[in-house]
Structures are given as C-alpha cells and as structure tokens.
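Subject: Structure handover

Hello,

Here is the structure we discussed. Please open it alongside this note; the findings follow below.

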Amino acid sequence: MSALVSVRDLRMHFPVRKGVVFQREVARVKAVDGISFDIQPGETLGLVGESGCGKSTTGRAILQLYRPTAGEVVFDGQDLTRLSERELFPYRRHMQMIFQDPYASLNPRMTVGDIIGEPLVTHRLVSDKTQLRRQVQDLMVQCGLNPQYVRRYPHEFSGGQRQRIGIARALATRPKFIVCDEPIAALDVSIQAQIMNLLKKLQKELGLTFLFIAHDLSAVRHISDRIAVMYLGRIVEVADYETLYRDPRHPYTQALISAVPIPDPEVEAKRNRIVLEGDVPSPLNPPSGCRFHTRCAARRVNPDVADRCTRDEPVLIGERRQVACHVVERDGLKSPSR
Amino acid sequence: MANNLLEVHDLEVHFRTDGGTVRAVDGVSFHLERGATLGIVGESGSGKSVTCNAIMRLIPTPPGRIAGGRVLFEGRDLLQASARDMRRLRGNEISMIFQDPMSSLNPYLKVSRQLTEVLELHQGLDRKAARSRGIEMLEHVGIPDPARRFDQYPHQFSGGMRQRVMIAMALLCKPKLLIADEPTTALDVTIQAQILELIKKLKEDEGTSVILITHDLGVVAGMADEILVMYAGRVAESAPAADLFRRPAHPNTQGLLDSVPRLDADHDELKPIRGLPPIVTQLPPGCPFAPRCDFASDACRRDYPAPKSIGSEHFTHCHHPLQEVSA
C-alpha cells in the first residue's frame, strides 16, 4: 500500500523583518522544523500539541497554503512543493480543509448555498444551475443540514450547524484528503460529539483520509488510527491511541496525557499528575539539542544522558511506533518505561 | 446552617431584550460551606456565569435586573447591601477570575499598578508595603523572577502567566470566596493542569471557598466537593461530586457525561445530546430539556418538574430520573 500523503523533512520558517525600506531579516520563527510522516489512504492521523507547536502550520504547509521552506509533500505520487500555483490547481480539489472557527471561516455576505456551491463552480464540476442546486442540497442533507435553509446566511445558524456548513463545503469537490484543523474546539461539549460522529460517518461512507489536528488527546482518540505528538516544530512520538495512552514513552507525551482531566472523581483522586513547569519556549530561539530538555523530568533523573539532551537533537526511532528521545533510545523501545 | 459561607435562595435574574424578557436565572438555590468547592456546570447560555455575576452584583442594569431571591454571604443579604458596601466587599472578601485574562487586565497599566491598587484601596497599605506584598504574591502563584515581572505590562506575559497574575490579584486581600468563571478554558491542557493545581494549593493554604464555573465535567471532577448542573437558567441536578458522577439522575447530566471523550474509556462511539442548546427567549413550557430528552413524556412538555431526592444532598428536577428516588 502506498501512502496518499507523504511528508519528508518538512520545514516552514517565517522570517521576522525589521526596518522600513530595506526589510532585513532579523530572525526566523521555525514553526515547523523537519518533520516526516506518511498517511495511508482511508487513514486518520491525529496531530496533537499545544498552541504554537506548529500543528496548524503543518496542515497548511501540506495543502500548500503556505509554501514550505524546505522538504517534500508527496500527494498521490506528486511532490506538491515543486508545482507552480497553476499546476497545483487540479490537485486542490482533492485536498480540502475544515477550519476551527465556524464564525470566521464562512463569508457572512454569502448564502449557505453560495458557500457550499463555490468550490463546485471554481473547479467546474457542474454544468448548469439545476445541477449545482441539486448537488448543494445533497451535500446539506449528507451533513445533517435542512436543505430548505439553502438561502439563509451564516449568522442564522448556531456554531455546530455552521461547522456542518464548513464540512459540506469541504466535501463539495469530492476530495480524497481533508485537513481538519481543530474542528470541534470552539463548540459546546454536547455539539462536539455530534460533529465528531458526523466526521466519522462521512469518512466511512466516502473513504476519506484525514489529518486531524487537535490540542488535546481525548479529542482525537475517537477518530484517529495513529496519533503524532508535536512539540516546538518537531514530532516527538507517533503511535496508535491505545499504545500511546497505555504506554506513552516520550516524557512530553506522558505529561500531556496526565494533564487531561478525566470526568470521574474517583479516577482523578488516584491519578499521578505530572505538572510541567513553565511555558513552551519561543520557536524564535528553540532550546539546543532536544527542544523539550528545559522542561523534561526524564532528563533530570538520567544525568548520564543529560549532556546529549542539551547537545544533540534526538531523531525518531522505531517503525510503527516512533519516539524521539535520548533516554528511550538508550533503554531501547522494547523495554518497559516504568 | 452556620457553617455556610454563602447561601443563594430562589435567585431570579431577568434581561429585557427585543425578543421579550429572558429569565437567565430562574429560581436558583444552593449553598456553599466554608472551605468547600462548588462546581457549576452547564452548556453556554445555561445561566452559570449570570448566577455568579448576580452574587457579585455585577449585572448590567438595564437591561438586566435581579428580580428576586436572596444571596446570603455570612448571613448578610448582598442583594440589599448598598453600592458602597458592595465596593468594599468586591476584591476584598469575594474575588473573581475570568476566562480571558487578557481582556480582564488593563493593557495600559503595568502589572505592578494593577496589583497594588487593590491593596492600597482595601487594606490601606502604602506604596512600598503594597509593592513588596505584590511581588510576594507573584512568587506565591509561581511566576519566575517576580521582581522583574512585576514592572512589566500584561502583553509581556503568556496566557498561563496572565491567568496567574489574575489569580494573584484575586487573592491579594485573602478573600473568603473566590469565584472562578471558566478560568482554564482559554488555556492549553498542560497549562490548565498548572492552574488547577495552583487553585487547589491556594485553597488548602488559605482555606478559601471556591465556586468553579466550567462546561468541562473533567475539570470539576478533580476539584469540586459539590456540583450544580444548570440548564436554561435552572438547576437540573445538584449533588456531592462523587455521587453525581456515579449516579447521574438527570438526562442532561448523563448526556454531558456521554458526550465528553474520555482518555481512559474503551474505544466506542460518543453519544451526543441531540438538538441544540436552548434559545432562552423561546423556552418551551414544562421542562426546558424535554425537546432534547429521550425520556420526555407529556408531563415533561406540560409541567416543570418538582425536585426529587436521589440521595443525601442529591436532588434533581426531572419527571423521569435515571436513578431511584429515595423517600
């Protein structure tokens, strides 16, 4: 089986400029700094990390909404980073995006019908107005919207319904691959579950491939086949959910899991919480070596590798489950973590 | 009940809107013991924030109006207190922290000014004493290098650090009651864990009572002693925390529990609450949850249910509670 999306050593740096006339580059924000992964057809890869870790930038760089600084993004056998805008156009209908904020991502001056139909018109997928209207209404039904509301405006809908409009728009061109950028983070809890179930249903029906971005693990567990954990522009661990939850190996993954509260007081009372100190360092000037070493508990109890942690950047080791950590590398992936 | 720091009886808060009068809070009663933590849980628009703003008498009037009820703080009815007495109380005996620390800090003023103001106002400290107490407090809430940070502006702090500043400000006068309105909703999970640990520690050190408002049942599970579940301005269920999670009686509580993805549960489908949160101007007669409820009967669509006792200190407003009703 060959991967639908293959990312190789992807880097996305944003220059920080100063000066009025000669805008000289004074620094670089290394939002994504050398990440690689594959997504198989029909698979969902969850991408998890805290704000500013580069997860949204990764999604946008894959879709070529940002043109990457370096690295390859191979989609369906074609390296997208080498294509011009014009050459990219036929690929765009096969890769779509669902956004976090259902308020900001819909044009308030367009009707729902126009919003959902726009990609169909842009990509010339319909021949006349009747066909357009029929397809838009089919999409609305598929996403749980009442097709009678086709002439309404976004402000007339609730947050959850707006997110359904965003999903219908993403599905319009019958894409193979969709980047879901925190699609439930802005919604009420009861509505989050509705949208998650809708996305799962659509994936099953249409054989979609997802990159699902979220800031915490509980949100992606129900939909992801594998989960990649990001920290400061790098992937630190990749595994399926069960493995990741039962036996997280990277110290950052361990902290991330222990930080998510569980709605059960008895479980909460028994849990051993790892509270990370301080904030995520600035991606303008990330720590040397392993980027997590400034907040790492494992480094503190393993003085023999501590020097390596501050000096060398660890690489992902392993096949299906991957970890980038000097302590894990020394002990071997197979050995128990506790 | 002499040990109750706060008692709220039949609180009514109404807002006048173009669509008619909204009963944002409609007959809410609860009490909070000294040193205890109460969690108020509900979807957006359930009236949890309005309830707490009413306790602080922070309802904008008009269009809002506290239409009835009593709020007894140490036996004194705050709804009858003068504006001057309320000013003395706020930030001194009752403090509040909000969801978005950036919009609740003044961006034009250094953190030092915002911290010392409370002390000079309420405790009559001079500049120098207030300054050293302020720096001490920043250190207490875990801000590194507090003496340097003290003279910085809010934008120089990260989200988690800003929330720490808010907490420091709220606790400067050692309040008896801290109201935290979604204090961690805008923060990352690891920072959320830091802030919750901090509130827990400060509560133990100072014996402060806490009201924690949140839509996340996970957050209250580890923090609260008692939980109040609100729906459409009313109390749907009230119970000791352990009992609420073990034996949820109101279908809305059950629905909230089922729709939260759990880290530790087995891999299964999420069961969302169907439909949408209620539109408070168009509430149906009878139980407001009935249109979204799997168990709704004709009685639910007709009459608002009277409270039913489920256990000790555990009651629910539901015609068909999911747990056995005790005598």
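A nonpolar core here is a set of buried Ala, Val, Leu, Ile, Met, Phe, Trp, Tyr and Cys residues joined through C-beta atoms within 7 Å. A residue is buried if 20 or more other C-beta atoms lie within 10 Å of its own, exposed if 12 or fewer, and partly exposed in between, with C-beta atoms placed from the backbone.

This is a predicted model: local features need pLDDT of at least 70, side-chain atom pairs count only at pLDDT 80 or more, and totals for chains, interfaces and linings use all residues. Residues are numbered from 1 along each chain as its sequence is written, while chains are lettered from A and ligands numbered from 1 in the order in which they are written.

Core. The largest nonpolar core has 185 residues. Ala168(A), Phe212(A), Val229(A), Ala168(B) and Val220(B) touch the most other members. Helix α7(B) gives the most to this core: eight residues. (Helices are DSSP runs of H or I, at least four residues; strands are runs of E, at least two; both are numbered from the N terminus.) Leaving out residues up to four places away in sequence, Ala168(B) touches Leu115(B), Met137(B), Leu138(B) and Val141(B). Contact means C-beta atoms, placed from the backbone, within 7 Å.

Helix α4(B). This helix covers residues 111-123. Its buried residues are Val111(B), Leu115(B), Thr116(B), Val118(B) and Leu119(B). Gly124(B) follows α4(B), with a positive phi near 60 degrees.

Interface. In chain B, 37 residues are in contact with 37 residues of chain A. On the chain B side, α7, α8 (189-206), α9 (217-221), α10 (241-246) and α11 (251-259) each give two or more residues. The largest share, six residues, comes from α8(B).

Sheet. Chain B has an open sheet of four strands, in the order β2-β1-β4-β5, with antiparallel pairing. Strands pair if DSSP finds at least two bridges between them. β2 (20-33) and β5 (76-77) of chain B are at the edges with a single partner strand each, so one side of each has no neighbour in the sheet. Two bridges join β4(B), residues 64-73, to β5(B). Phe73(B) stands opposite Arg76(B) in β5(B).

Best wishes

Notes:
Expected span 1.5 Å × (residues − 1). Contact = placed C-beta atoms within 7 Å.
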